[in-house]
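Let's get to know this model by asking it a few simple questions. Have a look around first, then read on.

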Number of protein chains: 2
Amino acid sequence: TKVTIDLVRLNDANGPERDLLYHFLASVQVQRQDFNGKVLTIRGEDLRVIASMFGRDTDALVVRLEELGLVVPSQ
Amino acid sequence: TKVTIDLVRLNDANGPERDLLYHFLASVQVQRQDFNGKVLTIRGEDLRVIASMFGRDTDALVVRLEELGLVVPSQ
Ligand SMILES: Nc1nc2c(ncn2[C@@H]2O[C@@H]3COP(=O)(O)O[C@H]4[C@@H](O)[C@H](n5cnc6c(=O)[nH]c(N)nc65)O[C@@H]4COP(=O)(O)O[C@H]3[C@H]2O)c(=O)[nH]1
Ligand SMILES: Nc1nc2c(ncn2[C@@H]2O[C@@H]3COP(=O)(O)O[C@H]4[C@@H](O)[C@H](n5cnc6c(=O)[nH]c(N)nc65)O[C@@H]4COP(=O)(O)O[C@H]3[C@H]2O)c(=O)[nH]1
Ligand SMILES: Nc1nc2c(ncn2[C@@H]2O[C@@H]3COP(=O)(O)O[C@H]4[C@@H](O)[C@H](n5cnc6c(=O)[nH]c(N)nc65)O[C@@H]4COP(=O)(O)O[C@H]3[C@H]2O)c(=O)[nH]1
Ligand SMILES: Nc1nc2c(ncn2[C@@H]2O[C@@H]3COP(=O)(O)O[C@H]4[C@@H](O)[C@H](n5cnc6c(=O)[nH]c(N)nc65)O[C@@H]4COP(=O)(O)O[C@H]3[C@H]2O)c(=O)[nH]1
């Protein structure tokens, strides 16, 4: 599973899930020195870790992120 | 360890190590749809696998790739 996050919409979002996701993405940006600021795609293995931290499976997490408008559709 | 391979020089190189590396990088390019054609950076974990297939440790593999002129220096 490959999920691209809309960083601009993430900035405007609220809530505890948003904060946790934000911190994780910020750390990836720093590791990569990727400061495009618009989108960020993370590894499938990251999604699995994040999903279990939220007590969900990966598909349910992705559905939740889509509901929050945080996912950039893949071309 | 992060190693960026010069794809143009890899194309001109010879030998069994070159062929194995070429096939691996080609598969990564396809998985990513990354066809910039000039450079490709692979994961540290990939280098470890490739190194042990060549009977070396990772540092020795990187030295060998540098000797062959296949490594793009990191900025
Ligand atoms: N397009 C693409 N390129 C890839 C992929 N995997 C590795 N690379 C390339 O290989 C470099 C080294 O990867 P690494 O050793 O895993 O070292 C990585 C890894 O430890 C970490 N990292 C970066 N992005 C992520 C991520 O989304 N999730 C996780 N868990 N770690 C990441 O930061 C280090 C440096 O990242 P970069 O500067 O980006 O440098 C990366 C990147 O240029 C991939 O699936 N797709
Ligand atoms: N900066 C950035 N942009 C993102 C990210 N996720 C998606 N994009 C954007 O969406 C396209 C697809 O990205 P990808 O799946 O990572 O697929 C990428 C990726 O696999 C690879 N790639 C491109 N540039 C780099 C790079 O500088 N380093 C590494 N390691 N891979 C790259 O080539 C594929 C096609 O790249 P593009 O045509 O440039 O087009 C990219 C880029 O415009 C992200 O996390 N960071
Ligand atoms: N062993 C190995 N496998 C590779 C490499 N490059 C790509 N792959 C495989 O190809 C999938 C798609 O890569 P992508 O289009 O670049 O799409 C990637 C890329 O946009 C981003 N990404 C993941 N890791 C990194 C990283 O270290 N650096 C950067 N810049 N982007 C990354 O997250 C997306 C999804 O990553 P995955 O779920 O891991 O899914 C990755 C991974 O399974 C590589 O150098 N080595
Ligand atoms: N997932 C994803 N990540 C992206 C994308 N574009 C940029 N990045 C991330 O942003 C960092 C800086 O990219 P850059 O300024 O385009 O500058 C890049 C690029 O010009 C070139 N480069 C190095 N390795 C690769 C590679 O494997 N593929 C491509 N297409 N370019 C690479 O060297 C610079 C450093 O590359 P990295 O160490 O990989 O570090 C990259 C990578 O972590 C993208 O489309 N998808």
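Q: How far is a nitrogen atom of ligand 2 from an N or O atom in the side chain of Asn36(A)?
A: Asn36(A) is one of the residues surrounding ligand 2, meaning that one of its heavy atoms lies within 4 Å of the ligand. A polar contact is a pair of N or O atoms within 3.5 Å (within protein, one must be able to donate a hydrogen and the other to accept it, and residues adjacent in sequence count only if both atoms are side-chain atoms). Here the distance is 3.2 Å.

Q: What kind of model are we looking at?
A: Residues are numbered from 1 along each chain as its sequence is written, chains are lettered from A and ligands numbered from 1 in the order in which they are written, and side-chain values use heavy atoms, leaving out hydrogens and water. Local features need pLDDT of at least 70, side-chain atom pairs count only at pLDDT 80 or more, and totals for chains, interfaces and linings use all residues, as this is a predicted model.

Q: What percentage of the accessible area of ligand 2 does the protein cover?
A: A polar side-chain atom of Asp34(A) sits 2.7 Å from a nitrogen atom of ligand 2, and one of Thr41(A) sits 2.6 Å from a nitrogen atom of the ligand. On its own, ligand 2 has 770 Å² of accessible area (Shrake-Rupley method, 1.4 Å probe; for residues, only the protein chains shown count as cover).

Q: Which strand gives the largest share of the shell around ligand 2?
A: Strands are DSSP E runs of at least two residues, numbered from the N terminus (helices are H or I runs of at least four). The share in question is 3 residues, and they come from residues 39-42 of chain A, which is strand β2.

Q: Which chains share the site of ligand 3?
A: A nitrogen atom of ligand 3 is 2.7 Å from an N or O atom in the side chain of Arg43(A), and a nitrogen atom is 2.6 Å from one in the side chain of Asp46(B). The site is shared because the ligand is surrounded by residues from chains A and B.
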